Amino acid sequence: MTREDCLKILEAYGAPEHVKRHCLGVGDAAREIGFALSEAGFRKAADVGGGPLDTDVIMTAGYLHDIARAGKDHDLVGAEIVTPIDAAAGDVVARHMKLIFPEDPARITEADIVSLADRTVREDHYVGYEARMADLLRRYADQPEVVARVHKNMDLALRLIAWIEDFCGRDFQQIATGGAVRIEPLLERVERPGRYIGGEIGSVRKDWHADAVRFCFAFPDLYEIGMSYTGFQILYGLLNAQPGALCERVFAPAQDMEKALLEGDAPLFSLESRQPVRVFDVIGFTLQYELSYTNVVRMLLLARVPLYTSMRGEADPFVIAGGPCCANPEPMAPFFDLFCVGDGEDTLLALCEKLRLWKAEKAAGGNVVRADFLKAAAEIEGVYVPSLADAGKQPVVRRAVVEDLENAFFPARPVVPHIESVHDRAAVEIMRGCYRSCRFCQAGFACAKVRRRSPEKIKALLKEALANTGYDEVSLLSLSTGDYPGIERLVTDLMQELAPMDVSLSLPSLRLDSLKAETLEKIAEYKRTSLTFAPEAGTQRLRDVLHKQITEEDLMRVLEIALPLGFQKFKFYFMIGLPTETQEDLDGIAGLACAAIAKAKALGAEHGVKYNFHLTVSVSNFVPKPGTPFERERGCGEAELLEKIYYLKEAVRRAKGANFRYHDTRMSHIEMLLAKGDRSAAAVIERAARDGAGFDSWREYFDYENWLRAFEACGVPAEDRYTGLDAALPWAFIEGGKEYGREG
Amino acid sequence: MKRCLVEFTKTGSLIYLSHLDLTRLFLRVLRMTELRPSYSQGFNPHPKMSLALPLPLGVHSVCEWLEFETEGDTGDDPLARLNARFPEGVHATRFLEKPAGYPKSLASYVDAASYEILIEGVEDAPKKFEEFFALPRIPLLKERKGRASEVDIRPQMLDHRIVKDMPGRLLASVTLSAGAGNTLNPLRFTEALLRTYPDLQSKSMEGATRGFPKSPILWNLPGTQLCPKAASPARMVTRTAILGADGNPLL
């Protein structure tokens, strides 16, 4: 009987809530004790049956022991219910109230383990034998026969507990709780505790004791950010679909939870089984943006995993990383045992297989150490092991590529976040890679080869995801959705199919220049909020340098179609600090805004109406990214960027009628330093994190001065040191980017 | 059009799911089980479903009610279909179509709610509990929009009863007023009780985790504040009934 089966039986019988909770708590504890003894090699004495403990009996009896608690003689009535399901478990239930522990601890049986668990669990959580006996002695103070039995059993029980601790080599609380962290006292002290409880629709909790590689997926930002990341949904689903692997999750705890963990002296835990993160075989971080690096450090410290690879011992987990930031692994290299460069799916499966073999050999008493696994892992395509890299002699690390997206794994049962997240919707990745080659775009160059899913596959995946999540919004994901061949047809079909289900379609990364008028009309039917457009630069000359294939005419054409359809809000995205940028290019940004405003007026005059036209000019700061043709370009300093912003702000203000938004120049400066950093950046990142940096991409937490102090303290200059064709790039051994020149 | 009612329990970890998040969970489960709620007309359509009485974060309940309207057929055994989809911690116990003549919305009919509260720590808890209810006035600070004012919660404490008196532990039942603009949160009630008798206390903070090495790290957490409810006995408060204007449990 599984835990779920037993819960159904308890519910069918109508056991009250507190009884159900107690039964589950006792069953869990009994199961953990049973497993711990079995793992340590315990065998029953010959005269009580011999052989290993029957954990099935322990679980069934534990989870159902108080099923009849609401009535009289609940042990006997309970046994009558349980016996037809499992006779041996029924026998345990019948005896659980009056059992006397054996004089010789080595003669324990399944019944003793259930009884011992029952006597250490109050309500649904472990409190220890002494605390429970104090409860009993107070409750039955007026019943001498009960008091006598408690007293008689107490000596035997304490001896039994000491014997089990000795046999398993662990503290009894650790054994009975399976090492899980008790999180309720922490939850009571923090905002939005739903971030930490797990158990969502679609979440998977595999048997912790199964013979599997235990993988903890770590996202170095808040739950509601990480849960919106489709890459996590793919890898979580993929790993849990493997019989030989188990995947759980951990996100960066918000600052209040971080404080509660420290004050409560509790380690960072996984959401599913609440195990300390450090008892997993692998902790796999995804590095999506540089400003999350300090959260990685804080999470490792909270997890109590040695921060540096060089400090980790044989009992520590492997700490690995993947994601776009692996285009330059060097700043984080001292923290990670290995990096997965490129698409993660095949690499992770190969890693798990090698780890399974390594663990098996280790368990069989083979003479293997951490370095053996790392050596084996380094043979997998896309894997970079910093500790094996010989300075300057590291061979090129090729990016792993999933060739066949059509048949690649995609989760049909995504995890539905408990609390409102950035994107609460079912998403399908329709295309990987990008047809464009905008020279600043790291994502576009990281997976330049375009792979697609067929419209039929996309529709099937969406349908399945909707049935398993109940979402009312779906989204088509890719780097540039408008470039998907046949996108108009796909969007029109989907809208027709989804409308009767009250499901709406959202299309991020839609390039308006590539859209036909009919598609825009379709979108206008249900969404008339805002349209975004990313010319990126103010003049055609600079747009050509960027390879950004948008012209002013494209933009005006979209206005001609969109304004009559009722769209009112428009956003134009630009970058400043670009290579070859001049004053003229900055003026061009304000010029485009003026042209758009004039166009809206002219169209109104032409159609005899006054269009509501709200324009936002949004400016971000160019950060040269490793792996792109611009990787050798100089990243601007903070003062330089700020000067440009102020100039532009004034120019756009003069244009009248456009809002101006800009990105924090100080954040961009640190992002640039981390993106183009070398190994010396690791010490800076650690210093900054220990001095309070964390959640650096959140404006309210970002502390620029602290970062500058950290750079100074570590003797690392806070400027871009890798520019020009002669620079020896620290990330040169990672495939991609470097072979492209500015003209290429 | 059908008006449906679901009675359910909320326990386990899911007591830490907020009212808003629970509502969203229900919407999804209803959509997954082909019990799609009707949507209101208008510019910003929203599903026609509501919970009879919001449950404070951290409180267990065995008697929650959800009502919703649906256009379609409710099909075979909707109760089992719902339970197959609910995550552990939410469990539906009854599914019915709203009886004719019942008030248009359950929320508007709710008048009070009963809670079981476990109090631990001292031997004479029953006496103190009775004394507390004998007080003529129980002022409690209330903060709204940054301004603190004092309110008397005594008129909102309707009834009380000792369920089980165990040495050192007391299980008591209280009935507090609830519904439109006149709800006394059970956690505010326990806050007032513990403020009056500081030696009564919760044991829910005991034994968080032991056996791990002391944390080797120390860093600044600028401006981080933990919720001041560290001593709240929230884990031990269970809602046992929602009462209508007639003083009886709903349905």
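**Reading the contacts**

Modeller: Across the interface of domain 2 of chain A and domain 3 of chain A, the rule finds 3 salt bridges. Keep in mind that this is a predicted model.

Biologist: Which residue forms a salt bridge with Asp343(A)?

Modeller: Arg451(A) does, with the closest N and O atoms 2.7 Å apart. Polar contacts are counted too, and 3 residue pairs across the interface of domain 2 of chain A and domain 3 of chain A are in polar contact.

Biologist: How is the size of an interface often given?

Modeller: It is often given as the accessible area lost when the parts come together. Here, domain 2 of chain A and domain 3 of chain A bury about 540 Å² between them, and carbon and sulfur atoms give 40% of that area. On the domain 2 side, Ile201(A), Thr230(A) and Asp343(A) supply 56% of the area buried against domain 3 of chain A, more than any other three residues.

Biologist: What does the assignment give for chain B?

Modeller: Chain B has domain 1 (2–108) and domain 2 (110–235). Their contact takes 11 residues from domain 1 of chain B and 12 residues from domain 2 of chain B. The area buried between these two domains of chain B is about 790 Å², with 62% of it on carbon and sulfur atoms. Leu53(B), Pro56(B) and Val59(B) lose the most area on the domain 1 side, together 47% of what that side buries.

Biologist: How many salt bridges and polar contacts are there across that interface of chain B?

Modeller: The rule finds 0 salt bridges between domain 1 of chain B and domain 2 of chain B, and 2 residue pairs in polar contact. Helix H3 (residues 106–109) of chain B gives the most to the domain 1 side, with 3 residues. By class, that side of domain 1 of chain B has 8 nonpolar, 3 polar and no charged residues.

Biologist: Now burial. How many residues of helix H12 (residues 230–240) of chain A are buried?

Modeller: A residue is called buried when its relative accessible area is under 20%. In helix H12 of chain A, 11 of the 11 residues are buried, so this helix is largely enclosed by the rest of the structure. Among them are Thr230(A), Phe232(A) and Asn240(A).

Biologist: Is Arg298(A) buried or exposed?

Modeller: Arg298(A) counts as buried because its relative accessibility is 2%. Arg298(A) is in helix H14 (residues 293–303) of chain A. A polar atom of the Arg298(A) side chain lies 2.5 Å from the backbone oxygen of Ala693(A).

Biologist: Where is Ser421(A) placed?

Modeller: Ser421(A) is in the loop between strand E8 (383–384) and strand E9 (426–429) of chain A. Ser421(A) is buried, with a relative accessible area of 10%. A polar atom of the Ser421(A) side chain lies 3.1 Å from the backbone oxygen of Ile419(A). Leaving aside residues up to four places away in sequence, Ser421(A) touches Glu224(A), Met227(A) and Ser228(A).

Technical notes
Residues numbered from 1 in each chain as written. Chains lettered and ligands numbered in written order. Predicted model: local features only at pLDDT ≥ 70, side-chain atom pairs only at ≥ 80, totals over all residues. Heavy atoms only, no water. Domains from an automatic or database assignment. Contact = heavy atoms within 4.5 Å. Buried area = accessible area lost by both parts, 1.4 Å probe. Salt bridge = Lys/Arg side-chain N within 4 Å of Asp/Glu carboxyl O. Polar contact = N/O pair within 3.5 Å; in protein donor to acceptor, adjacent residues only side chain to side chain. Helix = DSSP H or I, 4+ residues; strand = E, 2+ residues; numbered from the N terminus. Nonpolar A, V, L, I, M, F, W, Y, C, P; charged D, E, K, R; others polar. Buried < 20%, exposed > 50% of the residue type's maximum accessible area, 1.4 Å probe, protein only.
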